[in-house]
Amino acid sequence: AMSQTRSTIIIDAPIDQVAQAIAAVGTYPSWSSSMKAVKVIEGDDIKPTKVEMSLSSGALRDEAVLNFDWSAFPAALSFSLESADLLTEMDGHQELKSLGDETEVSYSLTVALSMPVPDMMRQKAEKAVVDQTLKELKAHIEG
């Protein structure tokens with residue numbers, strides 16, 4: 001199996017507030033620069049089960065249909081790729097841990113592409129998405 005890229009950040013807000021922001025998938029483009037558009041295919045803007053997402057982060061640009069699994073939420077959220085133009089895999093996992101007034105958010109991501117891309121470039125793209133998403137989520141929640 002391919003290695004995952006994983007990062008963790010501390011957000012200065014209680015877990016309920018963080019969970020609320022993460023659950024509102026339909027609003028991601030308003031705060032995330034790598035997600036240009038989100039169209040909910042199944043479910044609501046909050047906790048949708050299937051979305052179409054326009055992704056743009058560095059070399060990673062694609063239209064992807066993602067399936068979300070909310071069964072362990074808010075402790076964890078997982079998503080996986082159903083279809084895309086270039087991506088053959090996009091497995092994501094977020095974990096939320098309450099620290100009282102603060103929340104620790106960990107984000108793991110694995111991507112694979114249909115075209116041959118050196119591992120180093122692929123991991124760089126993963127890391128860019130993970131770090132940027134966490135940083136922007138923090139800024140979005142902390143205002």
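This is a predicted model: local features need pLDDT of at least 70, side-chain atom pairs count only at pLDDT 80 or more; totals for chains, interfaces and linings use all residues.
A nonpolar core here is a set of buried Ala, Val, Leu, Ile, Met, Phe, Trp, Tyr and Cys residues joined through side-chain atoms within 4.5 Å, where buried means under 20% relative accessible area, exposed over 50%, and partly exposed in between (1.4 Å probe, protein chains only).

Residues are numbered from 1 along each chain as its sequence is written, and side-chain values use heavy atoms, with hydrogens and water left out.

**The sheet**

- Seven strands make up an open sheet in the order S1-S7-S6-S5-S4-S3-S2, with antiparallel pairing; strands (E, at least two residues) and helices (H or I, at least four) are DSSP runs numbered from the N terminus, and two strands pair if DSSP finds at least two bridges between them.
- Strand S1 (5-11) and strand S2 (35-42) sit at the edges with a single partner strand each, so one side of each has no neighbour in the sheet.
- From one strand to the next, the twist averages 25°; angles run from 0 to 180 degrees between N-to-C directions, and axes are lines fitted to C-alpha atoms, for helices over the stretch in contact.

**Two hairpins around S5**

- Strand S4 (residues 60-69) and strand S5 (residues 76-84) run antiparallel and are joined by six bridges, forming a hairpin with six residues between them.
- In that pairing, Phe68 stands opposite Phe79 in S5.
- On to strand S6 (residues 87-99): S5 pairs with S6 in the antiparallel sense over four bridges, and this hairpin has two residues between its strands.

- H1 lies across S1, S5, S6 and strand S7 (102-113), running at about 160° to S6.
- H2 packs on the sheet too, touching S1, S2, strand S3 (50-57), S4 and S7, and its direction makes about 15° with that of S1.
- The axes of H1 (residues 15-23) and H2 (residues 119-142) come within 11 Å and cross at roughly 120°.
- Gln17, Val18, Ala21 and Ile22 of H1 meet Leu137, His140 and Ile141 of H2, contact meaning heavy atoms within 4.5 Å.
- Those contact residues divide into five nonpolar, two polar and no charged; Ala, Val, Leu, Ile, Met, Phe, Trp, Tyr, Cys and Pro count as nonpolar, Asp, Glu, Lys and Arg as charged, and the others, Gly among them, as polar.

- Not counting residues up to four places away in sequence, Ile22 touches Tyr28, Trp70, Phe73, Leu77, Gln94, Leu96, Val105 and Leu137.
- Ser80, found in strand S5, is partly exposed, with a relative accessible area of 29%.
- Leaving aside its neighbours within four places in sequence, Ser80 is in contact with Val65, Leu66, Asn67, Met90 and Asp91.
- The C-alpha atoms of Ser80 and Leu134 are separated by 18 Å, and the two residues are 54 apart along the chain.
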